[in-house]
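Hi,

Here is the structure for you to look over. My notes follow below it.

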Amino acid sequence: LHPPPSPFPFPLLVEFLQNHQASSHRPPMSSSSPKPPKNHKKYRKDKPWDTPDIDHWSQASWKAGDMSGSLLEESSFATLFPKYREAYLRETWPLVTRALSSHNIACSLDLLEGSMTVRTTLKTSDPFIILKARDLIKLLARSIPAEQAMKVLRDDVQCDVVKIGGLVRNKERFVKRRQRLVGPDGATLKALELLTDCYILVQGNTVSCMGPYQGLKEARRVIVECFENVHPVYNIKRLMVKRELRKDPKLAGEDWERFLPSFKKKNVKTKKPRVVAKKKEYTPFPPAPARSKVDLQLDSGEYFV
């Protein structure tokens, strides 16, 4: 037999209703009462392991025994390449295969489809190396030499591909600003490479960069601002000043804005030559009517043929 149901707790319900009525008749709090200040650093705690001498930009190198066992799933990436790169890729693909096999990464070149594919194997021990291999085939497709592109497999080298095709609508203006980034005989691009410690290649509608994270950040900013009509020379001057300030340990914790040059954008209107319209001589006669097609045929004799 089931036990009889327990009686409904009416005393508790009455007590709850009395408390609710008492709380509803409380006078509202005055808006002038000061609110306690918000503590935004409430959940921030001291980090004894984060000392000032730690370089947050440095990349820890991967060792062979850091991970025991193999990866559980196979990862693969593929990218297409243009037709003019086919002959070069066919020639240098053995070098790429040898470089990737040293990291236990398999690769394939499909000339019919025009694609390159990289994938992990059962022997792959570094889980991040597949992303490095993806960057490698992406750089090869953007016309970077194979010897230079294979450096991206190192831990201290990263890559960034800046798409510049949609930054400027006018085609002529786009070509001029792209040439402004390169400079005369590549001087501007070479100066940018020296100041950012990056390898930069301008190809078509993209700019490929290889180097450390901090250099890639500066290089992307200069490239994007160049197509926003800011000359690269101005940013190169700022980078040169920052390079000299970085050598002084006394200015490590200070703001460098007072040392950096500030350039104001000026819209200088060029004076156009004034064109004075020549006055026509006055004549009381109206202009002669335009000759019809029949009149022209009568003059040439074609009408009677």
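V294, L298, Y303 and F304 make up a nonpolar patch on the surface. Together they have about 430 Å² of accessible area. Bear in mind that this is a predicted model.

L298 sits in helix α9, residues 293–300. Its relative accessibility is 36%, so L298 counts as partly exposed; buried would need under 20%.

Now helix α3, residues 129–141. At 1.5 Å a residue, its 13 residues should span 18 Å. The end C-alpha atoms are 19 Å apart, which agrees. Of the 13 residues, 10 are buried, so α3 is largely enclosed by the rest of the structure. The buried set is I129, I130, K132, A133, D135, L136, I137, L139, L140 and A141. S143 follows α3, with a positive phi near 70 degrees.

Next, the cores. The largest nonpolar core has 28 residues. Within it, L100, M116, V118, L136, L139 and L140 touch the most other members. Elements giving two or more residues to this core are α2 (86–101), β2 (105–110), β3 (115–120), α3, α4 (146–149) and β4 (158–163). The biggest contribution is from α3, with 8 residues.

V118 is worth a click. Leaving out residues up to four places away in sequence, V118 touches S75, S76, F77, L100, I105, A106, C107, I130, A133, R134 and I137.

There is also a second, separate core of 19 residues. Its members include F174, A219, C226 and F227.

Best wishes

Technical notes. Residues are numbered from 1 along each chain as its sequence is written. This is a predicted model: local features need pLDDT of at least 70, side-chain atom pairs count only at pLDDT 80 or more; totals for chains, interfaces and linings use all residues. Side-chain values use heavy atoms; hydrogens and water are left out. Patches are made of residues with over 30% relative accessible area and no salt bridge: like charges are joined within 9 Å, nonpolar side chains (Val, Leu, Ile, Met, Phe, Trp, Tyr) within 5 Å. Accessible areas come from the Shrake-Rupley method with a 1.4 Å probe; for residues, only the protein chains shown count as cover. A salt bridge is a side-chain nitrogen of Lys or Arg within 4 Å of a carboxyl oxygen of Asp or Glu. Helices (H or I, at least four residues) and strands (E, at least two) are DSSP runs, numbered from the N terminus. Buried means under 20% relative accessible area, exposed over 50%, partly exposed in between (1.4 Å probe, protein chains only). The expected span of a helix is 1.5 Å times one less than its number of residues. A nonpolar core is a set of buried Ala, Val, Leu, Ile, Met, Phe, Trp, Tyr and Cys residues joined through side-chain atoms within 4.5 Å. Contact means heavy atoms within 4.5 Å.
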